[in-house]
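The sequence and structure come first.

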Amino acid sequence: MSNTHQKLFFMLLLLSLPFILFASGKKEVKEKGDVSEVTMNESLEKKYPFVPLSDELKNELTAKEAYVILQKGTERAFVGEYTDNKEVGTYYCQLCDAPLYVSDDKFDSNCGWPSFDDELPGAVTRHADPDGLRTEIVCSTCGGHLGHVFLNEGFTDKNTRHCVNSISMDFRSGPPVARAVFAGGCFWGVEYLMESLDGVYDVKSGYSGGSTINPTYQEVLTHSTGHLEAVEVLYNPLEISYEEITKYFLEIHDPTQANGQGPDIGNQYLSAIFYGSRNEYDSAIKLLTILEDKGYKIATQVRPRKVFYEAEDYHQDYYTNKGSTPYCHSYTKRF
């Protein structure tokens, strides 16, 4: 090859290099497969940034309770109400009523505080103490201080000990009852279909997301209260997960309709997932991301939970009492 041809070849190569790099970069992104998912998650999280549980959903605390739960104090050993409790039931967060532990996971460690070798799914979050020596446990819903967790002590086969302050909990007999709130158009249809799920105790029709205290149905119809027709789902987290319930919710109404649901048009009929904890928020973002990746143009909003006001008696179990079925809600497989 002559010097002239060599110079021409290298000149053409330099000119084409940016296009080659650009094409190879596009190919790498396409083959990677997870880039669009990451982008989609970031987009949803920017649109609906996580907001911690509102104070209006937290219980009032005594000075002693506040010292432990809010200031991360510790009650004295062997004085707690539940240290030696042998009753069968569920332990709930004193600050927000979220279920935390069940009696089946409680054991006697002789440490002076109630001990559990497991928590309910997603109920407890772990944080390293500032000194780096211990691991703090808090309620995943409200962030209230519970105690500390210790591993590999050999007390039980799970090799885990949640050392919990009695004052951080409230014990109630019976299996665990967790709550979830959704809005998907007329609450009659959402309630009717969600009550069919195994693991769901009950579903209540009501109003949430607005500013008016204890609104009536007629007030909500004026579009001035800001409330959505919503349902509160009471369920057993040991039998069905929050994510499973949310997935079903997104399959029994149209999450792509932005102005209502079916023929019901208006701001009280908007689609929304009301999350109470970071775990619920993450589940909502995850499921909406999956749907968007499948090509759905999602209109469902992701909102922090607000006070849920139960609707008037004649709205409860409407279709069951009437002996009919929903007119704008039905199951469509999307996942």
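The lining of the largest pocket divides into 20 nonpolar, nine polar and nine charged residues (Ala, Val, Leu, Ile, Met, Phe, Trp, Tyr, Cys and Pro count as nonpolar, Asp, Glu, Lys and Arg as charged, the others, Gly among them, as polar). The model is predicted: local features need pLDDT of at least 70 and side-chain atom pairs 80 or more, while totals for chains, interfaces and linings use all residues. Residues are numbered from 1 along each chain as its sequence is written, and side-chain values use heavy atoms, with hydrogens and water left out.

**Pockets**
- A pocket is an open set of points on a 1 Å grid over the protein atoms alone where a 1.4 Å probe fits, with protein on both sides within 12 Å along at least five of seven lines; lining residues have an atom within 4 Å of a point.
- The largest pocket holds about 780 Å³ of space, a volume being the space filled by probe spheres set on the points, which are joined across faces, edges and corners.
- Among the residues closest to the centre of the largest pocket are Arg179, Glu280 and Arg305.
- The second largest pocket holds about 180 Å³, and α7 gives the largest share of its lining, three residues.

**Helix α7**
- Helices (H or I, at least four residues) and strands (E, at least two) are DSSP runs, numbered from the N terminus.
- The buried residues of α7 include Glu280 and Tyr281 (buried: under 20% relative accessible area, 1.4 Å probe, protein chains only).
- Just after α7, glycine 295 has a positive phi of about 105 degrees.

Notes: Buried < 20%, exposed > 50% of the residue type's maximum accessible area, 1.4 Å probe, protein only.
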